[in-house]
Amino acid sequence: MINVALPSIQRDLGGGLTAQQWLVDAYLLTLGSLILVGGSLGDLYGERRIFALGVGGFGGASLLCALAPSSNLLIAARGVQGIAGALLTPSSLALIVSTFEGEERGAAIGTWTAWSGISAVLGPLVGGWLLNVASWRWIFLINIPLVAVTLALVLMVVPRREAGSDHVRVDFVGAVLCVLGLGGTVFAFIEQPRLGWGDPAIVGSLAGGVVMFALFLVWEARAQHPMLPLRLFRSRNFSVTNVETLLVYAGLSTLFFFLVLFLQQLAGYSPLQSGLALMPATIVMFGLSPYVGRLSMRIGPRVFMSVGPILAGIGLLPLARMSGGVSYWTDVLPGVLLFSLGLALTVAPLTSTVLAEAGPSDAGIASGVNNAVARVAGLLGIALVGLAVANRANRLDAHGFHVAMVITAALVAAGGVIGAIGIRNPGRT
């Protein structure tokens, strides 16, 4: 819902495109940096307990967001939301892996993927409706009753299991290095249009971010209990799938971020209309993802992970030609449908491949790695594409949107090319 609310928040609290980027990236920064810690905590204390803790924390952070009196405090509260998300996200997938096997697991992951995708698309619709009848603060307040219901379901339905192995340790040093590395780099990319490359804050944060991230990789290679087990990347499929995840999810995040801004700020759509514009993607994801997940377990993921992103990238090209006068039926809908079809073909097989390569014993950390890559992809995608489209007005214009869509299409299609070259179906070398 945050994407559709960005123009309303900007009108109320100010900050321009820079603040809009931070409102998304503050969440993705803490989520992407700490989700691996969340996976370790799930393995150590049990996925059910950590999932419940994350859900409750997300509710508390949502209340802080709703009460924030300034853009800076809202950005900080969004970072707290990301910390809670880092607890609940990997635990949810690990619960599925421990419950289902074989084709049933593929279908369950497909359903999980469908609802995850649906929430990302349904959010703008619900958020648009709320913004038509109430303040943007209600997009955060609405989370609180949902959190209460989810916690009740967790306590009543999700089975208990024994806590994980005692030898599991939480890599807090790695987490700090990762936050500093990504945070410094993203700060430089987002703030550069405002401060300029010659500003010491930009040079220092970029150099410091690169150094911190390099130290993070060195630490993970030598740590006794790393939050990022580099041994997982010895598997070809695991490595290739995470590279594809980086590209596809970078494109997914930049599409939703810039398309919603374009529709509201340049095409004159209301928040509700911009949410409705993405509704067909909900139907496609919900209808296809479970079947694709089951079919990919039967015939292998390679064809889906190759064709899907290329179709999605092609679907974005018509959007790169849109100007202020937009016809939804001829300009927006065809591209959204083709992109959604490609995404539905991609995401469930991608997730299944990561978990299959890791095995049940590493399910929590493997799902954490893949989710971290997906969130970091969105973090870097929005920051880098935002840098490419920035202007002196600190506001998205038509030319900037065209550039954003071309870059997004290239990112997503490149993921398909990498999948075609690198992925191997099970049983093949």
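Predicted model: local features only at pLDDT ≥ 70, side-chain atom pairs only at ≥ 80, totals over all residues.
A polar contact here is a pair of N or O atoms within 3.5 Å; within protein, one must be able to donate a hydrogen and the other to accept it, and residues adjacent in sequence count only if both atoms are side-chain atoms.

Numbering starts from 1 along each chain as its sequence is written, and side-chain values use heavy atoms, leaving out hydrogens and water.

**Whole chain**

Start with the cartoon view. The chain has 16 helices and 0 strands. These are DSSP runs, numbered from the N terminus: H or I of at least four residues for helices, E of at least two for strands.

Show the C-alpha atoms alone. They fill a box of roughly 55 × 45 × 45 Å along the principal axes.

Now colour by burial. Of the 429 residues, 57% count as buried. Buried means under 20% relative accessible area, exposed over 50%, and partly exposed in between, with a 1.4 Å probe and protein chains only.

Contacts come next, meaning heavy atoms within 4.5 Å. Among those between residues at least 6 apart in sequence, 83% join residues at least 24 apart.

**Stop one: Ser306**

Select residues 302-316. This is helix α13, and Ser306 is found in it. Is Ser306 buried or exposed? Ser306 counts as buried because its relative accessibility is 9%.

Zoom in on Ala420: the Ser306 side chain reaches its backbone nitrogen at 3.2 Å.

Then pick Ile418. It is 112 residues from Ser306 along the chain, yet their C-alpha atoms are separated by 7.6 Å.

**Stop two: Ala84**

Select residues 71-99, helix α4, where Ala84 lies. With 6% relative accessibility, Ala84 counts as buried.

Which residues does Ala84 touch, not counting residues up to four places away in sequence? They are Gly54, Gly57 and Phe58.

Finish with a distance from Ala84 to Leu411. The two are 327 residues apart in sequence and 29 Å apart in space, C-alpha to C-alpha.
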